[in-house]
Amino acid sequence: MDEKLLQISELRKYFNMGKGQILKAVDDVTFHVNKGETFGLVGESGCGKTTVGRTIMGLYDKTAGDVIYNGQNVHELDEKETFKFYRQMQMIFQDPYASLNPRSTVKEVIAEPMEVHGLYPDKKEQLDRVIQLLEEVGLNRDHANRYPHEFSGGQRQRIGIARALALDPDFIIADEPISALDVSVQAQVVNLLKRLQKEKGLTFLFIAHDLSMVKQISDRIGVMYLGNMVELTASDSLYENPLHPYTQALMSAIPIPDPDIEDTRERIILEGELPSPIDPPSGCVFRTRCPYAMDVCAAKQPKWQEVEKDHYVACHLYDGSSSENNRPEVNIGKKPVQS
């Protein structure tokens, strides 16, 4: 049986914008991450996925809900316990340019968390550990005395990964670690993360908006829209049978390198603008852009339910409010349509 290392229950994170305005960045999100797996969290910009990651880490205080890591409530830890918690969970940030101190050498960047936590007090032992980490991420000892501006974006992200590994954590939150990189470099970084996970037994929360890349690394995937989780299932199941209309639209946008399939697949274009999280639509937050919206969608929020085994979705099309004839059936590239 899978061991649940991280459990998120009804997590909410609201920001007070002043003048009575509340921005609901994360609104009632529930999921778990099993030990040793990679859980992908996807959605378009502004959906709240990064806020989820930062709230899990404790960088943001939660508004409501629970973040349970290895049996401990992250937001109820005292200062000493929080210090120990950061030995177990680390974060790789999105921007490899902004996340590294330009005044510090690579050696100093990677060694800093070791010094904060009192690891490797012997300077030679510390340097050996830094070089070991550099080699593990595909760099070498000659890079240790250079500064971040001397590296490419892909190399800087490798330095960020080495820094995240400095405390030998069990869990890593990778917050869009490839979005600022060239396509050719993205695959290299994803392969690096997969190799490190296998070698070190790591658990990942992989946050991204590129569904095609998320599939290459994730065991299960959760799809977010406007602060809400709308679908969650195994990676293969999500790609073969997406249930939520929003997920189907995202899947239809992924190009397929097969002209026979690409010419026959259906491309779903969402109409309208993404609503503001300060003033989200009533009921289902996706209804203003959904081609299958019904009266019930404006009246009440869809419940989070298991439609198929281990396949969860929040949509009125699957809760008995609609007949099966109204459920969307789209060709998003499974096979060519026979004439």
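Trainee: By class, what makes up the lining of the largest cavity?

Mentor: That lining has 10 nonpolar, two polar and one charged residues. Here Ala, Val, Leu, Ile, Met, Phe, Trp, Tyr, Cys and Pro count as nonpolar, Asp, Glu, Lys and Arg as charged, and the others, Gly among them, as polar. Bear in mind that this is a predicted model, where local features need pLDDT of at least 70 and side-chain atom pairs count only at pLDDT 80 or more, while totals for chains, interfaces and linings use all residues. Residues are numbered from 1 along each chain as its sequence is written, and side-chain values use heavy atoms, with hydrogens and water left out.

Trainee: Why is a space like that called a cavity?

Mentor: On a 1 Å grid over the protein atoms alone, a cavity is a set of points where a 1.4 Å probe fits but cannot get out, and lining residues have an atom within 4 Å of a point. By this rule there is one cavity of 30 Å³ or more. The largest cavity has a volume of about 80 Å³, where volume is the space filled by probe spheres set on the points, with points joined across faces, edges and corners.

Trainee: Which lining residues lie nearest the centre of the largest cavity?

Mentor: Of its 13 lining residues, C284, C290, C297, C315 and H316 lie nearest the centre.

Trainee: How many disulfides does the model have?

Mentor: The count is zero, taking a disulfide as a pair of cysteine sulfur atoms within 2.5 Å. C47 is in none, and the nearest cysteine sulfur to it, in C284, is 15 Å away.

Trainee: Is C297 buried or exposed?

Mentor: The rule is that buried means under 20% relative accessible area, exposed over 50%, and partly exposed in between (1.4 Å probe, protein chains only). C297 has 8%, so it is buried. C47, at 2%, counts as buried too.

Trainee: Why is helix α9 (residues 245-252) called largely enclosed?

Mentor: Seven of its eight residues are buried, so the rest of the structure largely encloses it. The buried ones are P245, Y246, T247, Q248, A249, M251 and S252. As for naming, helices (H or I, at least four residues) and strands (E, at least two) are DSSP runs numbered from the N terminus.

Trainee: What do the buried residues of α9 pack against?

Mentor: They pack against α7 (211-217), β9 (220-225), β10 (228-234) and α8 (235-240).

Trainee: What makes a group of residues a nonpolar core?

Mentor: It takes buried Ala, Val, Leu, Ile, Met, Phe, Trp, Tyr and Cys residues joined through side-chain atoms within 4.5 Å. The largest such core has 56 residues, and I110, V137, I159, I161, L165, L193 and F206 touch the most other members. Helix α6 (residues 183-200) gives the largest share, six residues. Another core, of 28 residues, lies apart from it and includes L6, I56, V67 and M224.

Trainee: Which residues is I159 in contact with?

Mentor: Contact means heavy atoms within 4.5 Å. Leaving aside neighbours within four places in sequence, I159 is in contact with L100, V106, V109, I110, L139 and F151.

Trainee: And V189, where does that lie?

Mentor: V189 lies in helix α6. At 1% relative accessibility V189 counts as buried, and it touches I161, I178 and L181, not counting residues up to four places away in sequence.

Trainee: Is E176 buried or exposed?

Mentor: E176 is at 6%, so it counts as buried. Its phi is positive as well, about 45 degrees, although it is not a glycine, and its place is in the loop between β7 (171-175) and α6.

Technical notes: On a 1 Å grid over the protein atoms alone, a cavity is a set of points where a 1.4 Å probe fits but cannot get out, and a pocket is an open set with protein on both sides within 12 Å along at least five of seven lines; lining residues have an atom within 4 Å of a point.
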